[in-house]
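User: Could you take a close look at one part of this model for me? I would like to follow the aromatic ring pairs and what surrounds them.

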Amino acid sequence: MTSRNPSIETIGIVGTGAMGRGIAQLAALAGLTVRLYDTNPAAIGAARDYLADTFAKLTAKGKLDQARSLAALSSVAGAHTIADLADCDLVVEAIVEKLDVKQALFRELETVVSDRCILASNTSSLSITAIAAACTDPSRVAGYHFFNPVPLMKVVEVIDGLRSAPATGDALMALARRLGHMPVRAKDMPGFIVNHAGRGMNTEGLRVAGEGVASFVDIDRIMREQAGFRLGPFELLDLTALDVSHPVMESIYHQFYEEPRFTPSPITGTRLAGGLIGRKTGEGFYRYEDGKQQVPPEAATPTELPRSVWISKRYPAAHDAVAQLVDNAGVALDEGATPGPHSLIVVTPFGHDATTAAVDEALDATRVVAIDALFPLATAKRRTLMTTPATGRAARESAHALFAADGVPVTVIRDSTGFVAQRVVATIVNIGCDIAQKQIASPEDIDLAVTLGLGYPRGPLALGDTLGSGTILAILRNIFAVLGDPRYRPSPWLLRRAQLGLSLTQSDALDASDADPTSPTHDTSTENQR
């Protein structure tokens, strides 16, 4: 293997769409020489015009001085043929997501560039190892996955294929920092880090909707206002568009050999076929008028409070939190061992549905309403209630009135194992734990990639620590006990750390740096590449 060039000063970019232009913008502003190549010559000129316009706008806004703007634009030149990339220290491809097309490009590049040139793919879902297999020297090939829009999404995944030289990834990590981005390192596995971790929000949100638990808009409201996410799953799918998201969901599912955690939903397939793609077409899970999301108004809040409320003591902390809300509303608390004949019955399940909670405690299901107590109730921006199939209208409406009495909006859903927020958040945490368990990336890089790449309030591991790994484990176990669906089986990473009281962000005490290099389980593949 030829030693990699430690200094990257000239970068070639193949493909001048949104991703290629974004990478070119970063590279030019960082002082690199940029060569743009596209099979469509007109696209090269259009890309350079786009960069000129972008730099001019940044200058007009005072974000870029005139001299730097002119220097950045002058560093960008078109490449009329692949041969014009011969002097590049790095070539990044950002072309169509088809393995055979990428392999053919990399084979051609190898005949043109120097032995010291790094070849990187911006693929979001294809195997880096498979792309590199087309090359004579696969050690020079790695993944370099940016996110759209590239200048604003400050994370880039550096992916090591099975035959990638460590120095190749190291050089890309250093370049990412020079470009002003935060690099994270990942093994070559389907979805890498961000698209892998993102399965929790989208696939579970779709699963909840598919069970008829709640509407798309109500699920989004719960995830935003109760769980604290920037976007709900359906707002996110509209933003990324189903022509992009649905194939990725199917690809990751099949690449993991039909792993139940990643099962796609027929909802997205049907809507894609019907042209309800998302924001860019004006209609997806929401309609968009002049680019503005159209959201239906919420129904009026009932006003008639219950005469008295009995609260399950199955979870003492949740009981106390609910009791405080009842007291604040001025409603009598029924403190009997069993509910009085006229009391609203409130249960606080974690992972179970309202029906299971009612049956387990031998309660009158016609008066049972469950409230989600995973997130603090006193400071909530939204609360979620769910009913059993037998819950009467009077019980449902009085519960709604009670828990909205302080002005906090309330969403009432149909019976669901784990409500909405519990099951979506638990799935996010569980998948993050499995990424750590498989050593696809370090715990630190998992959380960093997800917060920067998906905009979550915390990474999946930190989120699990905040809510309590034991609580997340209980939610998953209870959902699994009711549904028997292996998608909810706990990750060993979560299970063991919850049992030992360890942080989910904590690696094994015996990490790779402490391992005995003579041990038969010690992985020497990295050493053999040096």
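Analyst: Happy to. A residue counts as buried when its relative accessible area is under 20%. Keep in mind that this is a predicted model.

Phe 229 has a relative accessibility of 3%, so this residue is buried. Tyr 456 reaches 6% relative accessible area and is buried as well. The two form a ring pair: their centres are 4.9 Å apart and their planes stand at 75°. Planes over 60 degrees apart count as edge-to-face, so that is the class of the Phe 229 and Tyr 456 pair. As for where the partners sit, Phe 229 is in the loop between α9 (216-226) and α10 (233-240), while Tyr 456 is in the loop between α17 (443-454) and α18 (460-467). The pair therefore ties together parts that lie 227 residues apart in sequence.

A second pair joins Phe 256 and Phe 262, with ring centres 5.1 Å apart and planes at 45°, so this one is tilted. Phe 256 is buried at a relative accessible area of 15%, and Phe 262 is buried at 4%. Overall, the count comes to 7 aromatic pairs. Ring pairs also link Phe 216, Phe 234 and Phe 285 into a cluster.

Phe 216 leads us on to a helix contact. The axes of helix α8 (residues 199-210) and α9 come within 10 Å and cross at roughly 135°, which means that α8 is oblique to α9. The crossing of α8 past α9 is right-handed. From α9, Phe 216, Ile 219 and Met 223 take part in the contact, and from α8 the residues are Met 201, Gly 205, Val 208 and Ala 209. By class, this contact of α8 with α9 has 6 nonpolar residues, 1 polar residue and no charged ones.

For another helix pair, turn to α19 (residues 469-483) and α20 (residues 492-500). Their axes are 9 Å apart and they pack at an angle of about 130°, so α19 and α20 are oblique to each other. Here α19 passes α20 in a left-handed crossing. On the α19 side the contact is made by Ser 469, Gly 470, Ile 472, Leu 473, Leu 476 and Arg 477; α20 brings in Leu 494, Leu 495, Arg 497, Ala 498 and Gln 499. The residues in this contact of α19 with α20 divide into 6 nonpolar, 3 polar and 2 charged.

Technical notes: Residues are numbered from 1 along each chain as its sequence is written. This is a predicted model: local features need pLDDT of at least 70, side-chain atom pairs count only at pLDDT 80 or more; totals for chains, interfaces and linings use all residues. Side-chain values use heavy atoms; hydrogens and water are left out. Axes are lines fitted to C-alpha atoms, for helices over the stretch in contact, and angles run from 0 to 180 degrees between N-to-C directions. Helices (H or I, at least four residues) and strands (E, at least two) are DSSP runs, numbered from the N terminus. Angles under 35 degrees count as roughly parallel, over 145 as roughly antiparallel, 65 to 115 as roughly perpendicular and the rest as oblique. A crossing is left-handed if the near helix is turned anticlockwise from the far one by less than a right angle, and right-handed if clockwise. Contact means heavy atoms within 4.5 Å. Ala, Val, Leu, Ile, Met, Phe, Trp, Tyr, Cys and Pro count as nonpolar, Asp, Glu, Lys and Arg as charged, and the others, Gly among them, as polar. Rings of Phe, Tyr and Trp (its six-membered ring) pair if their centres lie within 6.5 Å; planes under 30 degrees apart count as stacked, over 60 as edge-to-face and the rest as tilted. Buried means under 20% relative accessible area, exposed over 50%, partly exposed in between (1.4 Å probe, protein chains only).
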